[in-house]
Structures are given as structure tokens and as C-alpha cells.
Amino acid sequence: MRRMMLLYLALIAALPFAVLAAVLPVNSYRAQGIDGLDCDGPASVLLFALPVLLIYGIGAILLYRNRRRRFHFAAALCCTAVFCVVGWNAASAIRESHGDASIEACA
């Protein structure tokens, strides 16, 4: 019981970082309407995304293991949804940082 409470508190504490990791643009210049290369954008996304992916991935696994309780199962689905959204933004950041133009200009 105490371990689950700590897990829920960790998930709630990581929620603001998850929102930042999901909302931060990969290329801040493109978000402003400027067609330019942003060398720091992918790193700022990954700075928040990697810990969030770790916390919510572990949370989804631990909560799914005790899926007989409906609340734990619903929380596991929410953790999986957050994991997928943040993972999509992190994958976009990695694609942006490994593009042909960024390899030449940001080296």
C-alpha cells in the first residue's frame, strides 16, 4: 500500500515535466514561423523527455502488474498515454537533430 502511494506521488510530481516534454517545440524557430535551423531545440526537449519516459514507463509497468484493481489499471493506461505522447515528441527531436542540415551546421 505504501509503495503504491509513493508511486502515485512520483507520477504526480513528474506531471509538470511531462507537460513540458510534450509541449516544447522541437524547433523553436519553426514554431515562430521562421524557416531556420535550431541546434539547441532537440536537446531541450530530450532534457525533459528522458526522465519522464523513465518514470512513466516504470509506473505503467508497476501499475499494470496489479491490474485487478480498476484504478491501477486506469492509471496504467494514463501512464502509457503520457509515455506515448512524450515518446513521440522525443522521437521527433531525435529525427530533427540527426537531419542532414543539422549534422553539417550544428557540428
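**View 1. N89 sits in helix α4.** Helices here are DSSP runs of H or I with at least four residues, numbered from the N terminus. This is a predicted model, where local features need pLDDT of at least 70 and side-chain atom pairs count only at pLDDT 80 or more, while totals for chains, interfaces and linings use all residues. Residues are numbered from 1 along each chain as its sequence is written, and side-chain values use heavy atoms, with hydrogens and water left out. N89 counts as buried because its relative accessibility is 10% (buried is under 20% relative accessible area, exposed over 50%, partly exposed in between, with a 1.4 Å probe and protein chains only). A polar atom of the N89 side chain lies 3.1 Å from the backbone oxygen of L24. Beyond neighbours within four places in sequence, N89 is in contact (heavy atoms within 4.5 Å) with A21, A22, V23, L24, V26 and V45.

**View 2. A76 is another residue of helix α4.** At 4% relative accessibility, A76 counts as buried.

**View 3. The largest nonpolar core has 17 residues.** Such a core is a set of buried Ala, Val, Leu, Ile, Met, Phe, Trp, Tyr and Cys residues joined through side-chain atoms within 4.5 Å. The members that touch the most others are L11, A49, V52, Y56, L63, C79 and V86. Helices α1 (2–23), α3 (41–65) and α4 each give two or more residues to this core. Leaving out residues up to four places away in sequence, L11 touches I55, Y56, G59, L63 and C79.

**View 4. Y8 and F71 form a tilted ring pair, with centres 5.5 Å apart and planes at 45°.** Rings of Phe, Tyr and Trp (its six-membered ring) pair if their centres lie within 6.5 Å; planes under 30 degrees apart count as stacked, over 60 as edge-to-face and the rest as tilted. Y8 belongs to helix α1 and F71 to helix α4, so the pair ties together parts 63 residues apart in sequence. Y8 is buried, at 17% relative accessible area, whereas F71 counts as exposed at 60%.

**View 5. Y64 and F73 make a tilted pair too, with ring centres 6.2 Å apart and planes at 45°.** Y64 is partly exposed, with a relative accessible area of 42%, and F73 counts as partly exposed at 33%.

Conventions:
A polar contact is a pair of N or O atoms within 3.5 Å; within protein, one must be able to donate a hydrogen and the other to accept it, and residues adjacent in sequence count only if both atoms are side-chain atoms.
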